[in-house]
Amino acid sequence: MNFKYRIEKDTLGEVKVPYNKYWGAQTERSRNNFKIGKEGSIPIEIIHSFGILKKAAAYANFSFGILSKKKRDFISKVCDEIIDGKLNNQFPLVVWQTGSGTHTNMNINEVISNRSHVLMGKKLGVGKPYIHPNDDVNMSQSSNDTFPTAMYIAAYKKLVEKTIPFIKKLRDALEKKAKLFRNIIKIGRTHLMDATPITLGQEFSGYVSQINHGINSIEKTLDSLSELAIGGTAVGTGLNSPKGYDVKVTEYICKYTGYPFKITNNKFSALASHDAMVESHGAIKQIAVSLIKISNDIRFLSSGPRSGIGEILIPENEPGSSIMPGKINPTQCEAIIMVCTQIIGNDTIISMANSSGNYELNVSKPLIIYNFLKSSNLIADACKSFYSLCIEGIRPNYLRIKEFLNKSLMLVTALNTRIGYDKSAEIAKSAYENNTTLKEESVKLGYLTIEEFEELVDPSKMI
């Protein structure tokens, strides 16, 4: 197969670049030098965030009189195309590149430069572009401060616009069930063994509380994620950027996103480490841990239908077996458990990647944001699937709930205050060994009359 190429140049010499692509020499070098894995492209959210950042930088540089209005407007126009997703196929690089994300920053710069060249009515690859990728698009910037800035814009937007809303919808679905089931008394369980009564609503309210705490944890990290590294340039000193540039570019980022971003109070830290990412992903992991517990509870409570617990009925979404006709499995529970297990693994990756900083620069930035956005998207999608295809369709199995409640030996706990722990334990043990009821053994052992037993052992008074 024959491909057409054009020649692009950088400081190392000439490079052949596909004739119809807007990227340049440095992007092509990275594309050829890092053919690692079949997955792991730089997240498109990073590309779109770079569009916001480069537009803001162009306007800030213009305000300081170091970039012409004409160049500002062309850069801005291409950035709008990037933000709108019109140039998504112009960003081919993978996560497995330089740890600073320099190649992706240059990919953005080159695309803006060459796309502007075409927008000016010129032919791609013919003549020198009016807008230089380094001198103009990257003016007052370094990959070392732009890539982390794009990371934090992307992470903040993802959490606010997708992750938190879908987690809240799952919380709301659980809360609705908690209220609906508030008067359904069932047997509680501890250590996987029978315990004293609880309502199904109380059980679900525990799930709601877990999710609420997780949401609060994520929301508390947004303040740290709003701190941007822009203006730090190469090592945090701000070399080659005008005084006040960081303030101005951040103002424009806030204007374009509608979110309260701010300048970090220490750019040296902002370039060298990404503790805010660790903190925020830790909160996502907290939700994941909670969801594994909740999902396991639901699949155990719905187990059966005849040989398990079966106290609740879950939606029948698809056949559960290729060999056993009529089998239905808790597939939504299993899916979200796998998602959450992946997120726990991603948390370890982010922690290790964040520790990979040397002096003034963390050198695993692409890996950090790749896994952060992966988790943010996964947990949002999984929560949406879980609440819409499982939680909302859960129904109580009243007969099963009543059967287990009436048979439970732990109702004997209500007798403690009347006849003491030892005699109560004797009743429970005798009922278990003789396969009789607590009432029968209480009367047989002479500890209580039928009337006294029925007065004391009332599940509605034990919740």
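Predicted model: local features only at pLDDT ≥ 70, side-chain atom pairs only at ≥ 80, totals over all residues.

Q: What volume does the largest pocket have?
A: About 600 Å³.

Q: Which residues are closest to its centre?
A: F404, N406, K407, S408 and L409. They are among the 21 residues that line the largest pocket.

Q: Which of them gives the most?
A: α13, with 4 residues.

Q: How does the lining split by class?
A: The largest pocket is lined by 11 nonpolar residues, 5 polar ones and 5 charged ones.

Q: Now cavities. How many are there of 30 Å³ or more?
A: The structure holds 1. The largest cavity has a volume of about 40 Å³.

Q: What lines the largest cavity?
A: I314, P315, N317, N329, P330, T331, Q332, C333, L389 and C390. Helix α11 (residues 331-354) supplies the largest share, 3 residues.

Q: How many of the lining residues there are nonpolar, polar or charged?
A: The largest cavity has 6 nonpolar and 4 polar residues in its lining, and no charged ones.

Q: Which residues of α15 are buried?
A: S424, I427, A428, S430 and A431. Seen down the axis of α15, they fall within an arc of 165°, so they line one face of the helix.

Q: Why would that spacing put residues on one side?
A: An α-helix has 3.6 residues a turn, so residues three or four places apart point the same way.

Q: What do the buried residues of α15 pack against?
A: They pack against α14 (416-419) and α16.

Q: And which exposed residues sit on the face turned away from the buried side?
A: Y421, D422, K429, Y432 and E433 of α15.

Q: What comes just after α15?
A: N435, which takes a positive phi of about 55°. N435 is a residue other than glycine. Its place is the loop between α15 and α16.

Q: Is N435 buried or exposed?
A: N435 has a relative accessible area of 72%. Exposed means over 50%, so N435 is exposed.

Q: Which other residue has a positive phi although it is not a glycine?
A: L192 has one, at about 70°. L192 is in the loop between β3 and β4 (193-199). At 78% relative accessibility, L192 counts as exposed.

Q: Change of topic: backbone geometry. Where is P305, and what is the peptide bond from G304 like?
A: P305 is in the loop between α10 (275-301) and β7 (312-313). The bond from G304 to P305 is cis, with omega near 10°.

Q: And R306, where is that?
A: R306 is found in the loop between α10 and β7. R306 is exposed, with a relative accessible area of 79%.

Q: How far is R306 from G320?
A: R306 and G320 are 16 Å apart in space, C-alpha to C-alpha. In sequence they are 14 residues apart.

Terms used
Residues numbered from 1 in each chain as written. Heavy atoms only, no water. 1 Å grid on protein atoms, 1.4 Å probe; cavity = no way out; pocket = protein on both sides within 12 Å on 5 of 7 lines; lining within 4 Å. Points joined across faces, edges and corners; volume = space filled by probe spheres on them. Helix = DSSP H or I, 4+ residues; strand = E, 2+ residues; numbered from the N terminus. Nonpolar A, V, L, I, M, F, W, Y, C, P; charged D, E, K, R; others polar. Buried < 20%, exposed > 50% of the residue type's maximum accessible area, 1.4 Å probe, protein only. Arc of directions from axis to C-beta. Contact = heavy atoms within 4.5 Å.
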